[in-house]
Amino acid sequence: MMNAILQATLEFLKLYWVPLLCGVAIVAILPLIVGYIVLVERKLMADMQARLGPMRVGPHGLLQPIADALKLLIKEDIIPDNADRLVFWLAPVLSVGAALLALAGLAIGPAFQIAQDINIGILFVVGISALGIFGIVLGGWASNSHYSLMGALRSSAQLVSYETAAGMALVSALLFTGTLNIKSIVEAQNKEGIWFVMLAPVAFFTYLVASIAETNRAPFDLPEAESELVAGYMTEFSGFRWSLYFLAEYTNMIVVASVATTLFLGGWLRPFASVPWLNFLDFVPTLLMAGVGAYCIVRAPKQPTRVQQLFMLAVAGLCFVLGLVLLVPVLVLVAKPFYAGIHGGFWFIFKVSLYIYFFMWLRFTIPRYRFDQLMRLGWHFLIPLSIINVLLVGVALIAGAYFNLKGWGLLLVTTPAAVIALVVALLILNAEKERNARQNQTAASDFYAG
Amino acid sequence: MLDKVLFYFFAAIAVASAALMVTRRNVVHSAIFLITALLATAGIFLQLRAEFLFIVQIILYVGGIMVLFVFVIMLVNLDVALQQIQFARQKWVALLVALALAAQVGFMFWTSGKMAGQGLPVLTAVAANRLPANSETVAHSLFESYLLPFEIASVLLLVAMIGAVVMAKKRT
Amino acid sequence: MGPQHPSTHGVLRVKLKLDGERVTGSECIIGYLHRGVEKIAENRTYQQFAPYVDRMDYVAAVSSGLGYCEAVEKLLLVEAPPRARVIRTILTELQRIASHLLWLGTHALDIGALTPLFYCFREREEILKIFEKYCGARLTTHAFRIGGLQYEAYDTFERDVERFCKDFESRILEYETLLTQNRIWIGRTKGVGILTAADAIAFGVTGPVLRASGVKWDIRKAAPYAAYDQYKFEIPVGTIGDTYDRYLVRMEEMRQSRLICLQAIENIPAGPIMAKVGKVLKPPPGEVYHAIEAPKGEIGYYIVSDGTVMPYRVHIRPPSFINLQAFDRMVRGHLVADVVAIIGTIDIVLGEVDR
Amino acid sequence: MADEPKEPKPPQVPTGDKPASSTPGVSTPAAKPADASAPATPPKPAAPAPPKPPVVLQTPLANEFVTRFRAKFGAALLEAIEDRKQAILTVERARLVEISLHLRDEERFDMLADLTAVDWPKREKRFDVVLDLYSFPKNERLRLKVHAADAEEVPSVVSVWPTANWQEREVFDMFGIVFSGHPDLKRILLPDEWQGYPLRKDYDILQQDTAWVRENLGIESGQ
């Protein structure tokens, strides 16, 4: 029996050592990436609020995430008495596990994808991230305080209802690709020469809103911020356990952002990838990196302490090296095969960070929805809109095939579809207003169905 | 070789969690073990290269139905459920049915041993690349050869949903 | 919602009777910050009591100080010189803007918008700098004395106030772009916490809350005090008296206050800043009730003097205390999430509620 | 009361045994006497004399509003004076609610700005319950006063102006005056089990509820 297992593992290793390695790499680097995303968020928030944000730890607060991580590791880990130990331990693990597993399905660059060619790509990602709900519900239940249970139920109700809307939005985009495999989706966008966001803008919009709600962020971050629920399901967790939830939330954000990029914004394709005369765009990444490096050098002497100046110079050096790495495949012919991998990776990360920037931007500017408004938006507005949008895109596709339009030609057909969808949206909205006016808002509405 | 090990691994988990699920006193624990059982069956689908079924199993059962289960468990206040005696009085009837079932399964294994082929028929899955992409095959069969049953089933589901909503409406 | 709650603006405990998510009744338990100001007043001379007045509504200390000083001046039948009255008006209007800014910031934060708080505090900082340059204190300023002013306006006073007023116009637009047209903000505030005009008057509610319900009444116009009769300004009035109307009324009030300051700086009359008032104040026996328009409503001082150095009885009519009574009427039938918005929109300061 | 600029006040010859304050009321702001040489400490009047010693500023109020009011209520109106141009009506305690209803409906004093009390321990009717009314249409203020002895109940005006609810509770909390007909008369600012009524003159400022302190704070005394 023993050698059977040994042989099986050897066989397993021979077959899958590359994705295993990538998996380990991702799981190791991710906390760091998430830490720096949090830093960027705090800096952005500060900048928008006419203040500076974390400046103390390292130059411009660059070492802040490491300090946070250390603090969280050392912090005392309190388990509320007569809480259910097993579930209390399991819940955050489940949450993080689901988020990281979903990350496996995604393709950063044409070469870099952990689960190489599973042909249910997008479905795999969406399905696995749906497991995250258990982490939240069980977490709320395990800390057995009434408030966190209520918070957990509310956030999972929100997740469940917005998943349908997100699912339908993805369906209308998948109509164009015809396959679920991530790599072929991006190829389809490359072949068509146009990103699907132009073909199905309404779908992109519904997916955007639904993904914000799905990751419990910005106007929909009700469970944590609700004044009497304090921190929702996360209240009782402290120290590292809490940071697991935090990690799960930000990884979910990355997962959602990369699904949107792959499906709508053309994955790792350079904007106007197939347009030959726009090739100078290849130099944009290097110029960007060089710009950042130069800024760091300019700022370096201004740093108060010696070690911070060195640190800034190191960051500048890193940026220049990256710039160089991005430049080499474009110029040197021999490095042509690497071109797709490196530049693809850059553009993918660039689009994902734009998407996440938009998340953060929303968080700082607009106030929070009330829970019943949130559910009403989900059920009465988003889901019907996305279903109707799927029908309209289907009809548009048939018309497109009939006139056998290709690429940009498809726009002729899909834009009217989008316009009709918007008209329908407006119809739903003022139907909503009349219903409210009639009801003068005092009727008790069932909160979980919204 | 790898498939065999994987299969046994998932099967063991499925059986163990099913057994645990039934014996747990705490409702939430049994729900968790039910989820692990479902995930294990999904694993077996994957091991048989049916990834569409794998993901549908996860989305449908674990992501959909189990969430509902856990919701209901949370909303119904738990301590009442705990007090009720877990095992109803018809213990003997249950034992009888279990024995009958075990006998039948045993008979099935025994006869299959007799047939051509060797012992426990463990399907060795075909390598992934030679299989047609199974989401397409599922789609083809579902929407082409069995379109009518598909439509009837959806209508049936629709009616069930509307029924549920109507019943819920009356109560609030 | 216990006394240590993040969004009750101080130590206020609210017992909510809920039916599911809906509030059916509420009871405010107050008194946590009760310092017995009125009892202390009976054992302090008139001048010694002045700083206590600032500690009641610590967000609008200048205007409560003005109310007290003017009440005692009425008791003494003394009139502050014109220069003092104009400077008092400028400082009170600046304090009104500062108090409204603090209200806007915390109110928006309760409803979820993070950024307005920092914008508001940036402007409020400018005002507090002016106070600091004028009388050395930022919050509990004790800027006025009975009979006039203690300090002459420092030399760049006009320029500072003018600079502040000049760029405050664009700043208000900044807040408005963030909130007024924001669909979620409207969703959270429109139709929430409605108080009809009749209820408002019945509950004795005053200030922006009353004006938002449609009653056009402002003591600065009804019974002008200090130098308000010399300036032109409108009184913003709401229509249905919900949280959104109160928001609009207060934003408009900030604009009007800015106009008053601008008009006032043009000609601050020369002359003495202190009336002929002796060191020891012994007002002739009798009583007086003097009310002014504080940012939160009508703050009234009922002072009874028996001719001695110490007042026989001082009663303060605090706007927050009486406005809070209307809270129960406004919160009925709303959701728990709205309770936070309603507490914010009444704009109460617990120091003033408990005295 | 709109403060029109001060016109010289007719000095009113004070009756009673107290020397009048040496200089008449102020005529122009600048000419205010250096220090208000009001009598050092007015001797406490004998019981039957009007509660406050007559002083140059209080003139009997004789405008048409008072005549109309006297015509309607006659005996209920005990005294109508004007102190520093603010009208004060002292009315009979029993008919307070009836008078308030009249004032609110006919005279249109639709807002009760303030309700408080003053403690004059020397008088046998020691408490003054003071109501400050305001009328939006007429833009006028009026002060109603009611005298009440220690154990006497004052009829509550919550039915007329709901705003009186908390204010009466505060007066009860601070003075111990019971308002009959008040929906739930209990302490509003002080802890419920607090003994004594702080704002009474005989309640020394340093005195505190020693029982409460010993029990809650576990120390002998707060000082």
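The model is predicted, and local features need pLDDT of at least 70, side-chain atom pairs count only at pLDDT 80 or more, and totals for chains, interfaces and linings use all residues. Residues are numbered from 1 along each chain as its sequence is written, while chains are lettered from A and ligands numbered from 1 in the order in which they are written.

Contact requires that the C-beta atoms of two residues, placed from the backbone, lie within 7 Å; leaving aside neighbours within four places in sequence, Ala173(A) is in contact with Phe196(A), Ala200(A), Ala203(A), Leu263(A) and Phe264(A).

Helices (H or I, at least four residues) and strands (E, at least two) are DSSP runs numbered from the N terminus. Helix H5 of chain C, residues 115-135, has 21 residues and reaches 31 Å from its first C-alpha to its last, close to the 30 Å expected at 1.5 Å a residue, where the expected span is 1.5 Å times one less than the number of residues. Among the buried residues of H5(C) are Tyr119(C), Glu123(C), Arg124(C), Ile127(C) and Phe131(C). Gly136(C), which follows H5(C), has a positive phi near 85°.

Chain B has 7 helices and 0 strands, and of its 172 residues, 17% count as buried. Among contacts in chain B between residues at least 6 apart in sequence, 59% join residues at least 24 apart.

**Strands of chains C and D**

Two strands pair if DSSP finds at least two bridges between them.

| Strands | Direction | Bridges | A bridge pair |
|---|---|---|---|
| S5(C) (residues 286-294) and S6(C) | antiparallel | 9 bridges | Ile292(C) and Ile299(C) |
| S6(C) and S7(C) (residues 313-317) | antiparallel | 5 bridges | Ile303(C) and Val314(C) |
| S3(D) (residues 86-91) and S6(D) (residues 140-148) | parallel | 4 bridges | Leu89(D) and Leu144(D) |

S5(C) and S6(C) form a hairpin with 2 residues between them.

In chain D, 6 strands form an open sheet of mixed pairing, in the order S1-S2-S3-S6-S5-S4. Strands S1 (58-60) and S4 (111-119) of chain D stand at the edges, each with a single partner strand, so one side of each is left without a neighbour in the sheet. The twist averages 25° from one strand to the next, with axes fitted as lines to C-alpha atoms, for helices over the stretch in contact, and angles running from 0 to 180 degrees between N-to-C directions. Helix H3 of chain D, residues 164-175, lies across S4 and S5 (127-135), running at about 5° to S4(D).

**Loop residues with positive phi**

Most residues other than glycine have a negative phi. Leu77(C), in the loop between H3 (61-76) and H4 of chain C, has a positive phi near 55°, and with 21 C-beta neighbours inside 10 Å it counts as buried. Asn139(D), in the loop between S5 and S6 of chain D, has a positive phi of about 50°, and with 13 C-beta neighbours inside 10 Å it counts as partly exposed.

Conventions: Buried ≥ 20, exposed ≤ 12 C-beta atoms within 10 Å, placed from the backbone.
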